[in-house]
Amino acid sequence: MLYIEVPDMNDSMSTLTIDGREYALRFTYNEKYDYWSFGLYDAGRDPVVSMVRIVPNFPIFHFCTGTDIPDGIFGCLSDLDTVGRNAFRDKTAEFVYIPNAELTG
């Protein structure tokens with residue numbers, strides 16, 4: 001499991017290498033409705049999956065398909081019902097990537 005730090009910014013992009021491939025991760029906070037979104041982009045910053053709402057304890061790309069999505073699950077681990085602005089900063093929520101190899105044993 002890979003723990004991914006969510007920057008304490010309303011909109012940010014950072015890079016991460018998964019299975020030898022570089023991706024850009026975008027986290028965006030929606031102030032009006034108090035939730036976070038996550039997007040995955042290729043190395044050229046073209047969207048692979050663009051801005052999906054982060055829901056605790058549910059695979060973010062569950063309903064998405066595509067060959068450019070890494071072989072694993074991105075998600076948010078939390079005891080909260082919704083992940084508000086300060087949840088990642090306060091450590092009441094954690095953003096993770098779990099490779100499928102770790103899930104199957």
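Analyst: Strand β1 (residues 2-4) is joined to β7 by 3 bridges, and the two run antiparallel. Strands here are DSSP runs of E with at least two residues, numbered from the N terminus. Two strands pair if DSSP finds at least two bridges between them. This is a predicted model, where local features need pLDDT of at least 70, side-chain atom pairs count only at pLDDT 80 or more, and totals for chains, interfaces and linings use all residues. Residues are numbered from 1 along each chain as its sequence is written, and side-chain values use heavy atoms, leaving out hydrogens and water.

β7 also runs antiparallel to β6, with 7 bridges between them. F95 of β7 is the bridge partner of I4. F95 is also the bridge partner of C76. In β7, 5 of the 7 residues are buried, so the strand is largely enclosed by the rest of the structure. Buried means under 20% relative accessible area, exposed over 50%, and partly exposed in between (1.4 Å probe, protein chains only).

The largest nonpolar core has 24 residues, and F27, F38, I54, F74, F88 and F95 touch the most other members. Such a core is a set of buried Ala, Val, Leu, Ile, Met, Phe, Trp, Tyr and Cys residues joined through side-chain atoms within 4.5 Å. β2 (11-18), β3 (21-30), β4, β6 and β7 each give it two or more residues. β3 supplies the largest share, 4 residues. Beyond its neighbours within four places in sequence, I54 is in contact (heavy atoms within 4.5 Å) with residues including F27, W36, F88 and F95.

Now the rings. F95 belongs to a cluster linked by ring pairs, together with F27, F38, F61, F74 and Y97. Rings of Phe, Tyr and Trp (its six-membered ring) pair if their centres lie within 6.5 Å; planes under 30 degrees apart are stacked, over 60 edge-to-face, the rest tilted. The count is 11 aromatic pairs. W36 and F88 have ring centres 5.8 Å apart and planes at 75 degrees, so they are edge-to-face. That pair links distant parts of the chain: W36 sits in β4 (residues 35-41), F88 in the loop between β6 (72-78) and β7 (93-99), 52 residues apart. Both W36 and F88 are buried.

F61 and F74 are edge-to-face too, because their centres are 5.7 Å apart and their planes at 65 degrees. F61 lies in the loop between β5 (47-53) and β6, and F74 in β6, so the pair ties together parts 13 residues apart in sequence. F61 counts as buried at 10% relative accessibility. F74 counts as buried at 2%.
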